[in-house]
Amino acid sequence: MSDSPRTAADVRLERVEKSFDGKTRVVDRVDLIVRPGEFFALLGPSGCGKTTTLRMIAGFEAPDAGRILVGGEDVTDLPVHKRDMGMIFQSYALFPHRTVAENVAFGLRMRGLGKSEIKDRVTQALRQVALEGYEDRRPAQLSGGQQQRVALARAIVIRPRVLLCDEPLAALDRKLRQSMQVELKQLQQQLGVTLIFVTHDQEEAMTVSDRIAVMNTGRIEQIGSPDDIYNCPRTRFVSDFIGEINLFEGTWQDGTFVSNGMVLPAQSEARSGRGTIAIRPERVRLTDGAGGVLTGTIKVRTFVSGQMIYRIVLQDGKELTVKEANNGAPRPIGARVGASWSLRDVVILND
């Protein structure tokens with residue numbers, strides 16, 4: 001028996017659609033390519049279609065239109081058990097009356113493998129998720145993190161080419177979830193498997209993913225690396241959903257951007273008419289007094305993860321969020337400050 005995993009497969013969705021009421025498209029003409037061996041996240045708010053997309057890839061839901069291909073093979077009409085995929089659910093879906101070893105072995109027994117090979121594979125899978133010695137325990141005797149590892153072992157023991165994860169860490173507390181994010185990423189790299197991960201947690205997606213597809217109302221708004229998604233959002237939805245951001249609406253006039261009668265640092269010679277620009281809070285520079293492009297008064301001050309976060313009320317009543325490194329001398333509430341940024345820090349949105 002070889003210990004090496006199967007060759008990872010690419011996953012392609014071509015104009016995939018799904019509606020449950022015949023009217024509203026939960027998934028609306030989605031085109032998507034997940035590369036072999038990639039850790040790929042489907043990210044978006046509740047109801048955006050990400051879980052339905054994952055369930056169609058797995059075979060639990062049938063698309064109304066379009067095709068799904070895995071490793072170049074059209075699997076659109078294949079049943080779940082013939083798609084060569086592992087699945088980890090949010091609820092873990094462990095059999096409470098079975099031992100850890102029996103839970104992990106379930107998929108192998110369904111495939112008709114011999115007892116000796118099943119035992120070897122179960123041992124190897126439990127070793128990979130650091131659960132050696134837990135074979136005879138039942139799920140009720142395990143912590144939440146250990147149950148998650150059992151679910152992971154059960155998914156990888158069949159050596160799938162594609163591993164699908166439907167918010168598998170959502171039930172864990174924050175510290176354990178962060179630890180499991182690292183472990184899941186390391187295991188995925190070790191196995192070399194293609195992993196598609198559904199989450200509504202932007203921080204989680206940014207931490208573990210090679211690339212992210214941000215979904216909204218059944219469609220993909222943007223696909224890119226975490227760095228691209230954060231620093232170069234293309235649409236208002238992506239810019240607002242990923243992290244904190246300051247949005248300014250205005251008008252493009254001769255390559256400059258005018259908002260509420262003020263020319264703001266932004267440049268785009270090809271644009272005219274209404275538009276929106278975005279600036280991340282950490283890209284805004286503050287000065288004492290009124291020396292910036294915009295001026296305002298600090299309304300709220302909070303300390304988060306080594307940063308000072310200021311909410312500043314500008315002269316027109318709009319609020320601006322600014323993040324500064326904590327230097328031990330925070331700016332006082334009520335202080336008058338100037339705010340500015342450079343052209344390279346401006347994101348010009350498409351909508």
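Q: What follows helix H2, and what marks its phi?
A: Gly112 follows H2 in this predicted model. Its phi is positive, near 80 degrees.

Q: Which residues of H2 are called buried?
A: Val100, Ala101, Asn103, Val104, Ala105, Gly107 and Leu108. Each therefore falls under the 20% cut-off for relative accessible area. What covers these residues includes helix H3 (115–128) and helix H4 (144–156).

Q: Why are H4 and H5 called roughly parallel?
A: H4 and H5 (residues 174–191) pack at an angle of about 20 degrees. Angles under 35 degrees count as roughly parallel, so the term applies. The axes of H4 and H5 are 12 Å apart, and the crossing is right-handed.

Q: Which residues make the contact between H4 and H5?
A: H4 brings Gly145, Gln148, Arg149, Leu152 and Ile156. H5 brings Leu176, Met180, Glu183, Leu184, Leu187 and Leu191. By class, the contact has seven nonpolar, two polar and two charged residues.

Q: What makes Lys18 and Asp64 a salt bridge?
A: Their side chains meet at 3.9 Å, N to O. The cut-off is within 4 Å, so the pair qualifies. Lys18 lies in strand E1 (residues 11–19) and Asp64 in the loop between helix H1 (50–58) and strand E4 (65–70), so the bridge ties together parts 46 residues apart in sequence.

Q: Why is Lys18 called buried?
A: Lys18 has 9% relative accessibility. Buried means under 20%, so Lys18 counts as buried. Asp64, at 47%, lies between the 20% and 50% limits and is therefore partly exposed.

Q: How do you know that Arg219 and Asp28 form a salt bridge?
A: The N to O distance is 2.8 Å. That is within 4 Å, so the pair qualifies. Arg219 is in strand E10 (residues 219–224) and Asp28 in strand E2 (residues 25–34), 191 residues apart. Arg219 is partly exposed at 40%, whereas Asp28 is buried at 11%. Both also belong to a salt-bridge network with Glu17, Arg25 and Arg29.

Q: Why is Asp288 called exposed?
A: Asp288 has a relative accessible area of 67%. Asp288 forms a salt bridge with Arg331, the closest N and O atoms being 2.7 Å apart. Asp288 sits in strand E15 (residues 285–288), and Arg331 in the loop between strand E18 (319–325) and strand E19 (336–340). Arg331 has a relative accessible area of 16%; that is under 20%, so Arg331 is buried.

Q: How many salt bridges does a search of the whole structure find?
A: The search finds 26.

Key. Residues numbered from 1 in each chain as written. Predicted model: local features only at pLDDT ≥ 70, side-chain atom pairs only at ≥ 80, totals over all residues. Heavy atoms only, no water. Buried < 20%, exposed > 50% of the residue type's maximum accessible area, 1.4 Å probe, protein only. Helix = DSSP H or I, 4+ residues; strand = E, 2+ residues; numbered from the N terminus. Contact = heavy atoms within 4.5 Å. Axes fitted to C-alpha atoms, helices over the stretch in contact; angles between N-to-C directions. Parallel < 35°, antiparallel > 145°, perpendicular 65-115°, else oblique. Left-handed = near helix turned anticlockwise from the far one by under 90°. Nonpolar A, V, L, I, M, F, W, Y, C, P; charged D, E, K, R; others polar.
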